[in-house]
Amino acid sequence: MSNVTYNNLWIEAKAILTEAANSDTFLQNEDAQEDKLTFHNAISEIYFKYIIAANKLNECYDQVVHPQKRILIRKLLDGCLGRVVELKNDLINVDISEFSYNDNILIKICVSPMDAELAIPKYFQRESLPDTRYKRKFIDDVLHKLGYEEEEEQKKQLTEVEAIKIIQVHERARQGRLRGQFMREIRLLKEKGKPDGNREKEEISLTSALMIQKMWRGFITRRKIRKRKMSEMLLIGMIQPPPVNSETIKKAEKVIIKEYRHELQEAHEKEYLETREVIESSIKDKKGAIIMEEIAEEVRHWFKEYYNHSAKFPEFPSEESGGSRIMFSRQGTESEVSKSTAISSKESKKSKEKGKKDKGSEEKSKDSSDIGIGYKIAPSNFLPIIVSSNEEFEEVWRNKDESSNPHQKHNEDMIYVEKYGKVEGETRVVVDDIMRAELDLLQTALDKDKSHKGKKSKKAKKKKTRSGKKSKKKKEKDLTPDRSTESLFEELVSNGIIKKYPEVSIDAFMGEKSFAATDLRNDGKITMPCLGDIRQVIKENCIIPMGSDMIHQSAPLIRSVLISGPRGSGKKMLVNAICTELGAVLFDLTPSNIVGKYPGKTGLIMLVHLVNKVSRLLQPSIIFMDGAEKPFVKKLPKTDKTDPKRLKKDLPKLVKGITSEDRVMFIGTSSYPWDGELKLLQQAFQKFIQIPMPDYGSIYQLWSTQLRQYSGIGPHFDISSIAKMSDGYTVGEVLKVIKSVITTKRMLQLRIRPLTHTELIIALSKHEPIYGEEDEAAEQWWWKTPLGKKKTKALELEEELRKENEEQNKAK
């Protein structure tokens with residue numbers, strides 16, 4: 001794809017963004033709405049538009065090679081992603097559920113549910129790739145040094161001549177084997193051709209020939225009929241056509257082109273950074289003295305004008321307030337209140353009272369939105385970024401003539417303007433210091449003149465600067481001040497706290513979305529999410545907020561998540577996918593993993609300290625615990641020797657210490673969350689995500705994707721029946737069944753002996769399904785979570801309002 005293609009894609013994304021931002025701004029300025037459905041539809045439409053725009057910008061940022069365009073696209077992309085996370089929070093408050101559905105809006109904006117799924121930005125992995133590789137290599141080196149992993153033998157690189165010789169040797173050996181077999185057959189035929197019993201052997205050979213002929217003709221006929229039947233079924237659309245190799249070739253070609261554009265990006269970026277340095281140094285050398293003189297003359301002129309107007313010298317603004325840059329706006333006037341003067345106690349009291357009132361009103365509005373009285377969209381940190389970036393696009397890039405820049409390299413004029421402003425700002429700081437000294441000398445001279453005239457000079461009062469409030473949060477004492485990051489990293493790896501994880505994409509968590517949830521919710525029924533909805537929620541809660549510093553610092557802070565679900569539902573796979581997409585370091589605090597490590601109270605303090613410290617040094621980091629309910633169980637079984645309650649008090653403290661500056665998240669997984677005390681779980685986990693049993697659509701997609709990858713299994717194989725038979729089994733159990741049935745030997749036999757449903761069903765029957773009692777226990781537990789309780793209250797309130805309306809209608 002060409003540069004023009006991605007420029008057009010950017011223009012399309014910008015048009016969608018402008019429309020979404022205008023609606024968003026209008027909705028923010030509107031008063032609270034009473035109608036829940038109208039408010040929900042309005043937010044959903046903006047939310048989906050931001051997702052579509054973010055997906056387009058993601059493709060643009062990945063492939064556009066112009067370095068200055070990429071800076072603006074990155075700002076827009078991060079702004080979109082952050083706004084999606086914010087709007088998701090608003091939808092959760094309206095629906096009182098982690099899962100939001102609105103198919104009517106998708107139909108309105110002509111978008112399919114698959115296109116409305118947020119794609120993970122490719123730069124999350126690409127930009128962190130060198131750091132991720134270094135960390136993984138460091139872990140491998142430590143494990144090799146400790147003897148946990150054997151060193152892989154480096155494969156010898158063969159030359160072309162050596163490779164040809166090896167192929168020749170194998171080919172000669174193959175021909176020798178064939179020649180030997182042929183000679184053996186000739187020898188056997190000669191032995192059979194002896195005169196004894198020639199007539200009987202001729203009759204046997206004739207019968208054998210007829211038998212072979214009969215079987216061959218039957219086989220040929222059956223194959224022709226089967227091919228004819230298949231072509232008819234394909235013609236009328238009863239079966240899907242087999243995968244075409246050309247599609248695979250096209251995908252491979254696209255990958256090659258994209259990789260080439262990535263190389264161009266790196267080359268253009270390097271050239272751009274070098275040019276910036278050259279232009280900056282050139283401006284400093286050639287224009288630095290001129291800029292300094294011009295600023296000094298302006299400031300001196302301002303001193304003179306101010307003195308002629310008011311017979312005294314002005315107060316020079318501080319560096320924090322902007323220095324000489326802002327003083328020209330106050331020329332010839334006295335500032336009513338200096339920025340350095342302290343606010344009076346009355347004013348501070350008023351502001352505090354006002355703040356308390358505002359806070360109280362916010363809480364009231366929040367409570368009212370929970371019970372359905374009024375709904376108001378929360379203020380955004382990302383909307384101003386989107387609006388300003390859109391304006392920048394219109395001013396700079398919309399009508400820019402790039403006919404002279406076909407290779408999409410940097411624009412030197414833009415760099416010059418940017419660097420000139422930077423040099424001017426740096427020079428202004430130096431000049432301001434000199435001018436402050438000159439102003440002090442002028443003020444001293446003026447005071448002397450006044451004292452000679454008999455006037456007492458007033459001593460300049462030292463301004464008391466108000467020190468900021470001391471933070472109540474005490475700084476954690478560093479128990480390892482003299483140790484390097486590498487040594488701490490190595491210690492945690494050698495103790496098995498930092499672990500290697502298999503790299504897996506979040507899209508590998510297969511599953512369909514719920515297509516009936518919107519209609520069911522409109523009918524007042526309770527809906528269960530599908531696996532595709534879980535994938536979307538994990539992206540929005542665990543990956544997108546952690547992917548970039550800018551998004552993480554401004555988006556709603558999510559410190560911890562508990563992922564619960566039946567065994568084999570893919571909980572650990574989701575954790576591995578989160579780590580893979582972010583390039584994060586995985587800290588494993590599973591009770592069985594830390595048993596016997598860092599013993600005693602002092603050891604536990606050191607463990608928590610190391611995890612806290614190193615996770616921030618190596619961020620993004622994921623602190624993981626499997627069996628997360630175990631530390632909060634009332635009574636442990638006597639057979640459990642892992643001492644899971646060891647971290648009971650430290651986990652809430654660890655989670656509470658995570659701030660918006662720390663790209664760290666605590667993720668727990670649990671198959672039996674109802675065993676733990678819910679109040680204690682709420683202290684450690686901010687969000688609860690329950691993975692349901694796979695529905696028919698998800699399990700069908702899983703069977704189809706896994707079986708169709710084998711060439712011997714064609715489109716005629718009935719997936720639907722096996723998907724119905726596997727109801728009650730989790731994704732993990734299905735994968736185990738496929739792995740146990742289609743072995744390497746069976747895979748080679750597929751063309752001769754096709755796969756049958758009986759093989760899969762027999763293997764499936766050996767695995768234990770998830771029974772209804774466990775599913776019911778999980779559902780009952782979820783209704784006891786904070787979000788579940790809110791949902792129950794909301795449903796009760798809606799039921800009361802419905803009954804009141806019915807009574808009023810009857811009375812009329």
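**Entry: the model.** I am working with a predicted model. I kept that in mind for every entry below.

**Entry: the total.** I looked up how many salt bridges there are. The count comes to 46 salt bridges. I then picked out some pairs to look at one by one.

**Entry: Lys49 and Glu45.** I started in helix 2. Lys49 and Glu45 form a salt bridge, and their closest N and O atoms are 3.3 Å apart. Where do Lys49 and Glu45 sit in helix 2? They are four residues apart in this helix, residues 36–63, so about one helical turn separates them. Lys49 has 9% relative accessibility, so it counts as buried. Glu45 has a relative accessible area of 18%, so it is buried too. The cut-off I needed here is under 20% for buried.

**Entry: Arg483 and Glu491.** I looked up this pair next. Their side chains meet in a salt bridge at 2.6 Å, N to O. Is Glu491 buried or exposed? Glu491 counts as buried, at 18% relative accessibility. Arg483 counts as partly exposed, at 35%. I noted the cut-offs again: partly exposed lies between the 20% limit for buried and the 50% limit for exposed.

**Entry: Glu806 and Arg802.** I moved on to helix 28, which covers residues 786–811. Glu806 and Arg802 both lie there, four residues apart, about one turn of the helix. Their side chains meet in a salt bridge at 2.5 Å, N to O. Glu806 is partly exposed, with a relative accessible area of 38%. Arg802 counts as partly exposed as well, at 39%.

**Entry: a network.** Which residues are linked in a network of salt bridges? I wrote down Glu59, Asp62, Lys122, Arg126 and Lys258.

**Entry: a negative patch.** Glu773, Asp775, Glu776 and Glu779 form a negative surface patch. I followed up on one of them, Asp775. Asp775 is found in helix 27, residues 772–782. Its relative accessible area is 38%, so Asp775 is partly exposed. That value passes one test for a patch, because patch residues need over 30% relative accessible area. They must also have no salt bridge.

How values were computed: Residues numbered from 1 in each chain as written. Predicted model: local features only at pLDDT ≥ 70, side-chain atom pairs only at ≥ 80, totals over all residues. Heavy atoms only, no water. Patch = residues over 30% accessible without salt bridge, like charges linked within 9 Å, V, L, I, M, F, W, Y side chains within 5 Å. Areas by Shrake-Rupley, 256 points an atom, 1.4 Å probe, with all protein chains shown as cover. Salt bridge = Lys/Arg side-chain N within 4 Å of Asp/Glu carboxyl O. Lys, Arg positive; Asp, Glu negative; His and termini not counted. Charge placed at Lys NZ, Arg CZ, Asp CG, Glu CD. Helix = DSSP H or I, 4+ residues; strand = E, 2+ residues; numbered from the N terminus. Buried < 20%, exposed > 50% of the residue type's maximum accessible area, 1.4 Å probe, protein only.
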